[in-house]
Structure formats: C-alpha cells, structure tokens
Amino acid sequence: MRAWFTGLTCALVVLTGAVQAAPGEAIQTQGKAPKIAYLSLIIDDLGQNPERDTRALNLPGPVTLAIMPDTPHASEFARQAHKSGKTVMLHMPMDPATGPYAWHPELPLPELESRLNAALLKVPYAAGINNHMGSRMTAEPVAMAWLVGELQRRHLFLVDSRTSAKTVAAAEAQKIGLASVSRDVFLDDERTTEAITGQLQTAIKLAHKQGSAVMIGHPYPVTLDVLEHELPKLKSEGIEWIEIRHMVTERGNQAMVGHGKNGVYR
C-alpha cells in the first residue's frame with residue numbers, strides 16, 4: 001500500500017507540473033495530532049471588480065485565484081495574476097449558474113466541450129478548474145466522468161468545490177487518478193467579520209486534526225479585511241500555508257473524513 005501511495009504522489013507531482021517535493025510530510029499517529037498542518041486558500045468569483053481583484057492578488061502567501069470566464073476583466077486579470085506568480089484557476093460556471101459558459105445537465109457532451117474550450121480561452125494560464133455553483137451539474141456522473149478525463153488529457157487539476165453533498169466530481173477524478181482535492185471550508189457563507197473569522201479558525205482546527213484543510217472564500221470586502229488581518233498569523237498558529245498544487249500532492253487524491261471513508265470518496 002505504501003509503495004502504491006508513493007507512486008501516486010510522484011505521478012501527481014508530474015501531472016500538476018510541480019517539480020519540487022511537497023514542503024513536508026504530515027505524519028498521522030494514533031491519538032496524536034499531525035506534525036505539520038497545511039492550509040490552502042482559493043478566492044473564487046474573480047474578474048468582476050478590479051479593486052477587489054487587486055486586493056485578492058495582494059493577499060500574502062500562495063493564494064489561488066479562481067477567475068470566472070463571463071466577467072469583464074477575466075483575461076486581463078488572469079495574465080496579471082500569472083505574471084505575479086499566483087496560481088490561476090478557471091472558476092467554471094455549472095448549473096444552477098447561468099450564462100454562455102455554464103454547464104447544464106440537458107446539454108450534450110459536444111456542447112459541454114465547446115463551453116469548456118471557450119471558458120479556458122477566456123482565462124489564460126489556468127492550471128486547473130473548480131466549479132462555480134454546480135450543485136446540479138456536479139451530481140451528473142456521465143458529465144463529470146467526461147470532464148475529469150478531459151482535464152487529465154490537458155494536464156489540468158480539479159478542485160471540487162463541493163457545493164452539494166451529491167457531488168461525484170472528486171469521486172470520478174479519483175477513479176482515473178486525476179490530480180484533485182476537495183474543499184473543506186467555505187469562509188464566507190455569512191458575510192460578517194465574526195462569522196468569517198470563526199470559519200477561518202474552523203479551517204485551522206481541521207488542518208491540525210486531519211493534517212490539511214482547503215478553504216474557499218470570495219472577494220467580499222469583509223472577507224478580504226479578515227484575511228489581510230489574519231493570514232500573517234498562520235505560522236504562529238502552527239500552520240504552513242501551501243500552494244494548491246502542493247496540497248494536491250500532499251493529499252495524494254485521498255478523501256478526507258468529511259468527504260468519504262478510508263480515503264475513498266463517497
């Protein structure tokens with residue numbers, strides 16, 4: 001089993017283009033917390049507002065920037081983010097999202113492919129994708145199986161935003177060994193300083209408990225206020241903030257307890 005996991009980890013490093021090893025090894029022991037707790041942060045819904053986009057870009061550390069294709073500044077901001085050394089993702093609209101790029105269950109696969117191609121052209125330098133909304137679409141096994149195969153062909157990774165408990169996106173990715181991770185904590189479903197700070201602390205505690213946590217937030221002014229104030233404190237709280245591609249490698253495509261059982265997505 002250990003040899004299989006090591007081989008998968010090496011494959012993920014190649015697939016995601018990360019030429020260096022993960023920053024360290026989180027070791028889980030019975031009754032003890034992991035030695036290292038990792039955290040990754042994705043900011044969704046970018047490309048709409050240059051001022052908020054710039055604040056997200058300037059957050060300290062390896063923040064991942066997920067850009068919507070149907071926004072007025074998508075391409076320009078993707079180029080700016082890439083030039084600044086940030087990881088860019090396509091934030092792909094999926095049903096119940098609407099618009100010219102959105103995926104819907106009733107659409108045939110050739111139309112889904114056409115919309116994905118167009119969206120990727122709007123967001124240059126995308127290293128992977130995550131779903132915008134998608135509570136209906138990510139529950140479609142045929143479409144998700146096609147998507148993960150296409151992402152593997154293009155050497156792109158997947159982040160399952162897990163907007164629905166019925167999602168099969170990460171499970172389909174796991175079946176074919178596509179580099180992927182799943183979101184653990186949404187920071188700002190409730191847009192207050194207290195709630196967002198509380199969700200950040202939830203992510204930190206979860207990272208200490210299971211070794212890692214993936215957070216998703218949005219460029220709301222209050223979210224950015226909290227992150228600008230709190231992110232510099234992560235190291236003092238025993239957290240190593242890592243790039244999303246390192247998180248893919250760190251997790252080795254294994255489901256966390258909240259996503260499945262015995263490492264397998266349900």
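This tour visits a pocket, one histidine beside its centre, and then a helix with its capping residue.

The model is predicted, so local features need pLDDT of at least 70 and side-chain atom pairs count only at pLDDT 80 or more, while totals for chains, interfaces and linings use all residues. Residues are numbered from 1 along each chain as its sequence is written, and side-chain values use heavy atoms, with hydrogens and water left out.

**Stop 1**

Select Asp 44, Thr 163, Phe 186, Asp 189 and His 218. Of the 13 residues lining the second largest pocket, these are the closest to its centre. The pocket holds about 160 Å³ of space. A pocket here is an open set of points on a 1 Å grid over the protein atoms alone, where a 1.4 Å probe fits, with protein on both sides within 12 Å along at least five of seven lines; lining residues have an atom within 4 Å of a point. Its volume is the space filled by probe spheres set on the points, which are joined across faces, edges and corners.

Now colour strands S1 (37-46) and S4 (126-133). Each supplies at least two lining residues. S4 gives the largest share, three residues. Strands (E, at least two residues) and helices (H or I, at least four) are DSSP runs, numbered from the N terminus.

**Stop 2: His 218**

Zoom to His 218. His 218 sits in the loop between strand S8 (212-217) and helix H8 (221-230). Is His 218 buried or exposed? His 218 counts as buried, because its relative accessibility is 11%; buried means under 20% relative accessible area and exposed over 50%, with partly exposed in between (1.4 Å probe, protein chains only).

Beyond neighbours within four places in sequence, His 218 is in contact with residues including Ile 43, Asp 45 and Thr 223. Contact means heavy atoms within 4.5 Å.

**Stop 3: Glu 243 and H9**

Move to Glu 243, in the loop between strand S9 (239-241) and helix H9 (244-251). Glu 243 is buried, at 16% relative accessible area. One of its side-chain oxygens lies 2.6 Å from the backbone nitrogen of Arg 245, capping the N-terminal end of H9.

Finally, select H9. Seven of its eight residues are buried. Just after H9, Gly 252 takes a positive phi of about 60 degrees.

Terms used
Polar contact = N/O pair within 3.5 Å; in protein donor to acceptor, adjacent residues only side chain to side chain.
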